[in-house]
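This report sets out the architecture of the chains and then turns to individual residues, salt bridges and backbone geometry. Please read it alongside the sequence and the coordinates.

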Amino acid sequence: MTKSILLCGVGGQGTVKASRIIALSGMEAGLNARTAETIGMAQRGGSVVSHVRISDQPIFSPLIPKHTADVLIAFEPAEAVRCIDYVKDDGVIIVNKKAVTPVTASLSGSSYDGTEAIKYLQDNFSHVKVIDGDAICEKCGSDKVLNIALLAGAAASGELGITVDGLKDAIRKQLPQKTHEMNLKAVDIVTEG
Amino acid sequence: MGNEAAAFGAIHAGVNVVAGYPGTPSTEILETVAKNNDGSIHVEWSVNEKAAMEVAAGAAYSGARALVTMKQVGLNVAADPLMSLSYVGVKGGMVVVSADDPGPISSQTEQDTRTFAMFSKLPVFDPSSPEEAYQMMKDAFELSEKIGSPVLFRPTTRVCHGCASVEISDSYDKNIPDGFVKDTQRWVIFPRTSFLNHQKIEKRNPELGKELSSYRFNTVTKRSGRKGIAAGGISWAYLNEVLTRIPEAKDVSLFRVGTPFPFPEKAALEFLDGLDEVLCLEELDPVIERALIYTAGKYHLGVTIHGKHDGCVRTAGENSPESVLSDVGSFLAVKIPESRKLPEKPETPVRPPVLCAGCPHRASFYAVKQAMKGKKAVFCGDIGCYTLGNAAPLDMVDTCLCMGADVTIAQGIKAVDKDTTAFSFIGDSTFFASGITGVVNAVYNKNDIILIVLDNSTTAMTGHQPHPGTGITMMDFFEKKKEGIREDIANKVSIEQILKGIGVEFVETVDPFDQKKAVETVKKAADLSGVRAIIFKAPCIALEKPKALYEVDADRCKSCHKCINEIGCPAISMKDGKAFIERTLCYGCSLCEQVCPFDAISQKGGAL
């Protein structure tokens, strides 16, 4: 089994942490893991991408070859479209509903709100799950649960290489204790909703 | 992470002294040593790369195993000691990590440390994965000690910032340095000794290349076909990935180069034997390619070497599994199956990196912009988060070259463009790294500039490292960090005192979020001549929790767009025709409140 998972979003949204959670969970399950992450200048509110690959076979490239990602976890709709070439034809797409308007778009008076991006994903892929990150964050009382909410969506698809229970274990093992309750709640909302 | 693996490699090799200067993608190596230091290793963020190199050299003279870390452009700063050190040599093992950044993703240049290795005549290790970063580090120390010379170690971004499962050893090497032993013939560089040492180095390197031909990370795989592929670094990983997808490649011979200099010529000859054509896959400079062309010429081999020189491989930017797939496909004349063509994508907004919401640099730039409205001025910028002040709508960085250059370039511009007001913007860490000499130059030559020090109490861009102005060191940083920035640390170096000590008479420290005072101070400085300095002091948002957040009163908002068009805060956008502040991004800095002409923005509640 090899799973290639691409995470994309805007610097500061928690993509690096989410990719580490997947990789560490894979390693704990005795799998090989490789990641490649955006760290540095681009992290400052720019487009960021993390590549994660887990497998029971040796993995060579840390970057996922285009058209082979099993899952795309997009923290922002336009970023999902920007990375769509990585996703395999029957790949799973988990996308946050909320658009983040960049300064360039505000300055030019663009009407970008993410709806067109999400429609494009739904028109061209059959496994698209849109997650209302804002609503879940509100219910859990923290904006910090967004990455776990999206991971929960991916785990529930069965394509992440980590089960929903596995994700809950990872939360307990890898995250600070005071965040356990809200993150577990986010998982329940996504998987039961 | 590859950087962590390299750090553990050094710790397990018994490293005694580690010095460096932060720089993406190298920074986490030194941080990992500091975090895992049992107290026996001297770890420091030096004031710049040259200082780090010299601290490490002194330690290695004294029999210690020493590690220096920096990014590729940092190696330029440290070039002076390194070039001489190549002639003088060391006693304890000394490994110089210079991390390269193909792309470039977070750098000014795409220079190649392997080329620097050739220039400085020093061996270089080129790991292709985090696992190898761990394994090669020990080899590098051993080689350094064996030949009595520093060695270079150059990972690239995808190795530095890639994570993998790495098996690490339980046993540590223990190295107890015997201290500095006086020997002027050896440790004092003189023309005569340099001449003799130069001869020795030129004799040593080809022999070393022969020896390294059997090194475990220089491998030759001979197959039946008449084509071969040579690769190094991360491109070797991409090649292996691609080979699993091209069955036609099963006859192709492979040469993997782990020490590009001195070039493992014996292994190369074995690889080239019987081949008609070779493709070279590597990022940045065509180092392996040139060495193979040289080898083929030297031994009159009838083999054609393809790569960057004949356009078979891209000359700039990062390689990727796709680029390697396409390069190998063309080389083997194999048609790569096309993927599904998706319909045209909807337009996605471009998203370049920007100053964070709440960043004090935005307030500083805006204050200078307001003060100089309608007046002729040039804004020289520097390396750090504040380079991002160049973006619209601030547009406050007219030049950016290298660390420290803002201070001196402003002086050169003013010498020619006499009716302009020349500003130089420099961050606190950059000021210590290489800004001070520029200020001395200005005071000495009576040059006319306004120096703006953007003091956010940290080295922000590379991930918040301490520096002399914070007083926190890497020996105690991880303990004290928990308590936040402490005001009571005794050995802080004061930027204000330095400037006054140099002889700058106008030195004022202002909170940039007090816009009225900030603008007034800039105007006051602009009316004077000579060297004037303003220190805009406010901590980086990453060092503080968000304050109470701000909201727009939609009834009061007149949709004038001033908050958007003037300050370009990423937390502010238009929603339903009114300005809107995104609560997950706002840090409560108050700049928008001060800019709004209709009092429509005010503090509301706390962060979620």
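The model discussed is a predicted one.

## A loop residue of chain B

With the elements numbered in that way, B:Asn37 is found in the loop that runs between α2 and β2 of chain B. Its relative accessibility is 18%, and because buried means under 20% relative accessible area, B:Asn37 counts as buried. When residues up to four places away in sequence are set aside, B:Asn37 touches B:Val43 and B:Met475.

## The parallel sheet of chain B

Which order do the six strands of the open sheet in chain B follow? The order is β2-β1-β3-β4-β6-β5, and the pairing is parallel. At the edges stand β2 (42-45) and β5 (124-125) of chain B, each of which has a single partner strand, so one side of each is left without a neighbour in the sheet. In general, the strands of a sheet pair through backbone hydrogen bonds, in either a parallel or an antiparallel sense.

Within this sheet, strand β4 (residues 94-99) of chain B pairs with strand β6 (residues 151-153) of chain B in the parallel sense, over three bridges. B:Val96 has B:Leu152 as its bridge partner in β6(B). Helix α2 (residues 28-35) of chain B lies across β1 (17-20), β2, β3 (66-71) and β4 of chain B, and runs at about 140° to β2(B).

## Overall form of chain A

Chain A contains eight helices and six strands, and from the N terminus on its elements run β-α-β-β-β-α-β-α-α-β-α-α-α-α. The radius of gyration of chain A is 16 Å, close to the 16 Å given by the globule rule for 193 residues, so chain A is as compact as a globular protein of that length. The C-alpha trace of chain A spans about 50 × 35 × 35 Å along its principal axes.

Of the 193 residues in chain A, 60% are buried, while the chain exposes about 7,300 Å², of which carbon and sulfur atoms supply 48%. Among contacts in chain A between residues at least 6 apart in sequence, 62% join residues at least 24 apart. One of the residues in helix α8 (residues 180-192) of chain A is A:His180, which is buried with a relative accessible area of 15%. Leaving aside residues up to four places away in sequence, A:His180 touches A:Ile171, A:Arg172 and A:Leu175.

## Salt bridges

Side chains of opposite charge can pair when their charged atoms come close. Over all chains, a search of the whole structure finds 46 salt bridges. Among them is the one in which the side chains of B:Arg351 and A:Glu76 meet at 3.0 Å, N to O. B:Arg351 lies in the loop between α14 (321-331) and α15 (360-371) of chain B, and A:Glu76 in the loop between β4 (69-74) and α2 (77-82) of chain A, so the pair joins two chains. Both B:Arg351 and A:Glu76 are buried.

A further salt bridge links the side chains of B:Glu207 and B:Lys203 at 3.5 Å, N to O; these two residues lie in helix α10 (residues 191-212) of chain B, four residues apart, about one turn of the helix. B:Glu207 is partly exposed at 44% relative accessible area, whereas B:Lys203 is exposed at 56%. The side chains of B:Asp448 and B:Arg532 also meet in a salt bridge, at 2.4 Å, N to O. B:Asp448 lies in the loop between α17 (428-444) and β15 (449-455) of chain B and B:Arg532 in strand β17 (residues 531-537) of chain B, so the pair ties together parts that are 84 residues apart in sequence.

## Backbone geometry

The peptide bond from B:Phe261 to B:Pro262 is cis, with omega near -10°, and B:Pro262 lies in the loop between β10 (253-257) and α12 (265-272) of chain B. Another cis peptide bond leads from B:Ala392 to B:Pro393, with omega near 5°, and B:Pro393 lies in the loop between β13 (377-380) and α16 (405-416) of chain B.

B:Lys121, although not a glycine, has a positive phi of about 65°, and lies in the loop between α6 (113-120) and β5 of chain B.

Definitions and conventions:
Residues are numbered from 1 along each chain as its sequence is written. Chains are lettered from A and ligands numbered from 1 in the order in which they are written. This is a predicted model: local features need pLDDT of at least 70, side-chain atom pairs count only at pLDDT 80 or more; totals for chains, interfaces and linings use all residues. Side-chain values use heavy atoms; hydrogens and water are left out. Two strands pair if DSSP finds at least two bridges between them. Contact means heavy atoms within 4.5 Å. Axes are lines fitted to C-alpha atoms, for helices over the stretch in contact, and angles run from 0 to 180 degrees between N-to-C directions. The radius of gyration is taken over C-alpha atoms; the globule rule is 2.2 Å times the number of residues to the power 0.38. Buried means under 20% relative accessible area, exposed over 50%, partly exposed in between (1.4 Å probe, protein chains only). Accessible areas come from the Shrake-Rupley method with a 1.4 Å probe; for residues, only the protein chains shown count as cover. A salt bridge is a side-chain nitrogen of Lys or Arg within 4 Å of a carboxyl oxygen of Asp or Glu.
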